[in-house]
Amino acid sequence: MNISSYVVPLLLALTAIYALTKKVDVYDALTSGAREGISVLVRIFPALAALLSAVYMLRASGAMELLTAWLAPAMELLGVPSETTALMLIRPISGSGALAVGSDLMATHGADSYIGRVSAVMLGSTETTFYTIAVYFGAAGIRRTRYTVPAALAADLAGFVFAAMAVRIFF
Amino acid sequence: MAMAWVWTILVCFSVLCGAANGQMDAVAGAAMEGAGAAVELCLGMGGAICLWSGVMELMSRCGLAEKLAALFHPLLRRLLPRASRDSETMAALSANLSANLLGLGNAATPLGIRAARRMAYGCEGIASDELCRLVVLNTASIQLLPTTVAGVRAACGSAAPFDILPAVWLASVLSVTAGLLAARLLQAVWRA
């Protein structure tokens, strides 16, 4: 029996009760939100198909191992598993690319393995940095972004290092 | 355009390495296999994503999201003191924050942009320190329930897809802190 098994069922039950007391149509909110979920899936599928093909090719060609072996000393210094190198490189550039690489890592090493867990925590604790910067500053008409890029990349790097550390602490 | 380069480089690099390693058969098969894996992944995590999108919609309709954001108002006022003095910017910031906490990226971005545009008045194309901080906040993930990742984990056969929550929260908090600290340090040397 695990305490964290309570989190999801209780969250569902308590949110529903709270929403009912606020006179919100719980069922309608759930289903229209789910429809939004479908459109998310439809939107990311084309990107996933293109990117997973590339990731599979990269792995089959031996390029992934080359890259991993090449950057292994740096990864060891950071305390992150070297298998996640490609994930860390693509994370700031492409959200669906990171999802493709991360899901491949989880599928090959197992979702509940150390590498699988670190990949999941990395995905969950970082964002698509360059996309976000481009969208925000583009919309706000900012041309000189000053130190935003290095600061945001520092946050990403810290996220990766602490993801590996957190998995070692909690599991 | 960036993705055009990324994809082309990935594929060309695979072809070169595949040729050098004599693995062309495997590379050819892998391209098809990867596209098929995308279908499996989307089907495998589709149910979880729909369920959680529904729950998040429910949380934002019943006002739980706003309550959550209100907890962070003192923090916002300290990080973005000038922006939070303007009530309309503050409203957009707060809504942006609550959408981010719920992981509603599609809702968060337009709200964050609204705040950023108001904060950019009179900046003449040069990012102010507060604007830099707002963007750094948005490039760091502060999502409470990483539902997409949990969906992928479920699709890959995880026994408890959400058991990574404490690790994700710890890594997120430390990552945001590192980003804001880096911004604070660079602010002194990187003058407008």
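**Figure 1. Chain A as a whole.** Of the 171 residues in chain A, 50% count as buried, where buried takes 20 or more other C-beta atoms within 10 Å of a residue's own, exposed takes 12 or fewer, partly exposed is in between, and C-beta atoms are placed from the backbone. This is a predicted model, in which local features need pLDDT of at least 70 and side-chain atom pairs count only at pLDDT 80 or more, while totals for chains, interfaces and linings use all residues. Residues are numbered from 1 along each chain as its sequence is written, with chains lettered from A and ligands numbered from 1 in the order in which they are written. Look at contacts in chain A between residues at least 6 apart in sequence, and 59% of them join residues at least 24 apart; a contact here means C-beta atoms, placed from the backbone, within 7 Å.

**Figure 2. Helix α5 of chain A.** With 15 residues, α5(A) reaches 21 Å from its first C-alpha to its last, close to the 21 Å expected at 1.5 Å a residue (the expected span is 1.5 Å times one less than the number of residues). The helix is mostly covered, with 12 of its 15 residues buried, among them Gly95(A), Leu99(A), Asp104(A) and Met106(A). Following α5(A) comes Gly110(A), whose phi is positive, near 100°.

**Figure 3. Where α2 and α5 of chain A pack.** Helix α2 (residues 26–60) and helix α5 (residues 95–109) of chain A pack at about 55°, their axes 9 Å apart; axes are lines fitted to C-alpha atoms, for helices over the stretch in contact, and angles run from 0 to 180 degrees between N-to-C directions. That makes α2(A) and α5(A) oblique to each other, the label left over once angles under 35 degrees are called roughly parallel, over 145 roughly antiparallel and 65 to 115 roughly perpendicular. On the α2(A) side, the contact includes Ile44(A), Leu48(A) and Val55(A), and on the α5(A) side it includes Ser96(A), Ala100(A) and Asp104(A).

**Figure 4. Helix α9 of chain B.** Because 8 of its 9 residues are buried, α9(B) is largely enclosed by the rest of the structure. The buried ones include Thr147(B), Val149(B), Arg153(B) and Ala155(B). Their cover includes α5 and α6 (114–125) of chain A together with α2 of chain B. Just after α9(B), Gly157(B) takes a positive phi of about 85°.

**Figure 5. The contact between the chains.** Chain B brings 87 residues to the contact and chain A brings 86. On the side of chain B that touches chain A, α2(B) gives the largest share, 23 residues.

**Figure 6. Two loop residues with positive phi.** Lys23(A) is not a glycine, yet its phi is positive, about 60°. Lys23(A) lies in the loop between α1 (7–21) and α2 of chain A, and counts as exposed with 7 C-beta neighbours inside 10 Å. In chain B, Glu124(B) has a positive phi of about 50°, and again is not a glycine. Glu124(B) is in the loop between α7 and α8 of chain B and, with 11 C-beta neighbours inside 10 Å, counts as exposed.

Methods. Contact = placed C-beta atoms within 7 Å. Helix = DSSP H or I, 4+ residues; strand = E, 2+ residues; numbered from the N terminus.
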